[in-house]
Amino acid sequence: MSPPKPALLTDRLAAALSHPTRMRAMTMFWERETSPREIAVELGEPINNVTYHVKQLLDLGWIELVAQRPVKGGRVVEHFYKATRDSQLNDYELARLGQEERLVIDMTIMSEISKDISQAMLAGTFFERSDNQLTRIPIEVDEEGWQETKEILDQALDELMKVKETVLQRTAASGEETFPTRVNVIQFQSPPRKRGGARPA
């Protein structure tokens, strides 16, 4: 069976995610509608630099213009964009990327996870709920066990995306307020454990 075609051409995928600034900007577009100015403020980067990368994402089809709002007394129009696809990359897309592109993605995600936790801890929301989820599971697996674990997490991610869509539909009808939540999923291979024993003579 031939592999599924990626949602976007692989060269566009690599171009969009190969630069750290573009990748960090995309994480914001995946979360909300935002503008180059807002991204520049949050990243602490020059507006011209961010605007360049946002234009690249727009040309590559990863984002679309959704609003234009006057600022500075109407003298300037601020452009707001949103992502045109969700943040999940399938195995075929990831396999077609080079090591450098995958590294940019991984490092950006880890940075965002660290920021998520730090902000929640500082704001006092990390322990706000008694039913939050905080689990660490060190296990020993063989290759089959690794793939089985990955499949379980992939299924959980699919279900989470369904929850996201269901909440959007439900709250659009009910008007109920939502609150920001972060679900961070990590699976990685650890270094071998050091074995105890007598030192060689």
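A residue counts as buried when its relative accessible area is under 20%. Trp62 has a relative accessible area of 0%, so Trp62 is buried. The model discussed here is predicted. The protein chain has seven helices and two strands, and of its 201 residues, 24% count as buried.

**The chain as a whole**

- Read from the N terminus on, the elements of the protein chain follow the order α-α-α-α-β-β-α-α-α.
- The protein chain exposes about 15,200 Å², and carbon and sulfur atoms supply 54% of that area.
- Some contacts in the protein chain join residues at least 6 apart in sequence, and among these, 57% join residues at least 24 apart.

**Helices H2 and H3**

- Helix H2 covers residues 20-31, and helix H3 covers residues 36-43.
- The axes of H2 and H3 come within 11 Å and cross at roughly 115°.
- Angles of 65 to 115 degrees count as roughly perpendicular, and H2 and H3 are therefore described as roughly perpendicular to each other.
- The crossing in which H2 passes H3 is right-handed.
- On the H2 side, the contact is made by Thr21, Arg24, Ala25, Met28 and Phe29; on the H3 side, Ile39, Glu42 and Leu43 take part.
- By class, the residues in the contact of H2 with H3 are five nonpolar, one polar and two charged.

**Helices H3 and H4**

- Helix H4 covers residues 47-59.
- The axes of H3 and H4 come within 9 Å and cross at roughly 125°.
- That angle makes H3 oblique to H4.
- H3 passes H4 in a crossing that is right-handed.
- H3 contributes Pro36, Arg37, Ile39 and Ala40 to the contact, while H4 contributes Ile47, Val50, Thr51 and Val54.
- The contact of H3 with H4 divides into six nonpolar residues, one polar residue and one charged residue.
- Ile39 of H3 takes part in the contact with H2 and also in the contact with H4.

**Thr21**

- Thr21 sits in helix H2.
- Thr21 counts as buried because its relative accessibility is 6%, and the cut-off for buried is under 20%.
- Leaving aside neighbours within four places in sequence, Thr21 is in contact with Leu43, Glu45, Asn49 and His53.
- One of these residues, Leu43, belongs to the H3 side of the contact between H2 and H3.
- Asn49 and His53, also in contact with Thr21, have numbers that fall within H4, residues 47-59.

**Trp62**

- Trp62 lies in the loop between H4 and strand S1, and S1 covers residues 63-71.
- Trp62 and Thr84 are 22 residues apart in sequence.
- In space, the C-alpha atoms of Trp62 and Thr84 are 5.5 Å apart.

**Val183**

- Val183 lies in the segment after helix H7, which covers residues 143-174.
- Exposed means over 50% relative accessible area, and Val183 counts as exposed because its relative accessibility is 53%.
- Val183 and Gln133 are 50 residues apart in sequence.
- From C-alpha to C-alpha, Val183 and Gln133 are 8.8 Å apart in space.

Definitions and conventions: Residues are numbered from 1 along each chain as its sequence is written. This is a predicted model: local features need pLDDT of at least 70, side-chain atom pairs count only at pLDDT 80 or more; totals for chains, interfaces and linings use all residues. Side-chain values use heavy atoms; hydrogens and water are left out. Axes are lines fitted to C-alpha atoms, for helices over the stretch in contact, and angles run from 0 to 180 degrees between N-to-C directions. Helices (H or I, at least four residues) and strands (E, at least two) are DSSP runs, numbered from the N terminus. Angles under 35 degrees count as roughly parallel, over 145 as roughly antiparallel, 65 to 115 as roughly perpendicular and the rest as oblique. A crossing is left-handed if the near helix is turned anticlockwise from the far one by less than a right angle, and right-handed if clockwise. Contact means heavy atoms within 4.5 Å. Ala, Val, Leu, Ile, Met, Phe, Trp, Tyr, Cys and Pro count as nonpolar, Asp, Glu, Lys and Arg as charged, and the others, Gly among them, as polar. Buried means under 20% relative accessible area, exposed over 50%, partly exposed in between (1.4 Å probe, protein chains only). Accessible areas come from the Shrake-Rupley method with a 1.4 Å probe; for residues, only the protein chains shown count as cover.
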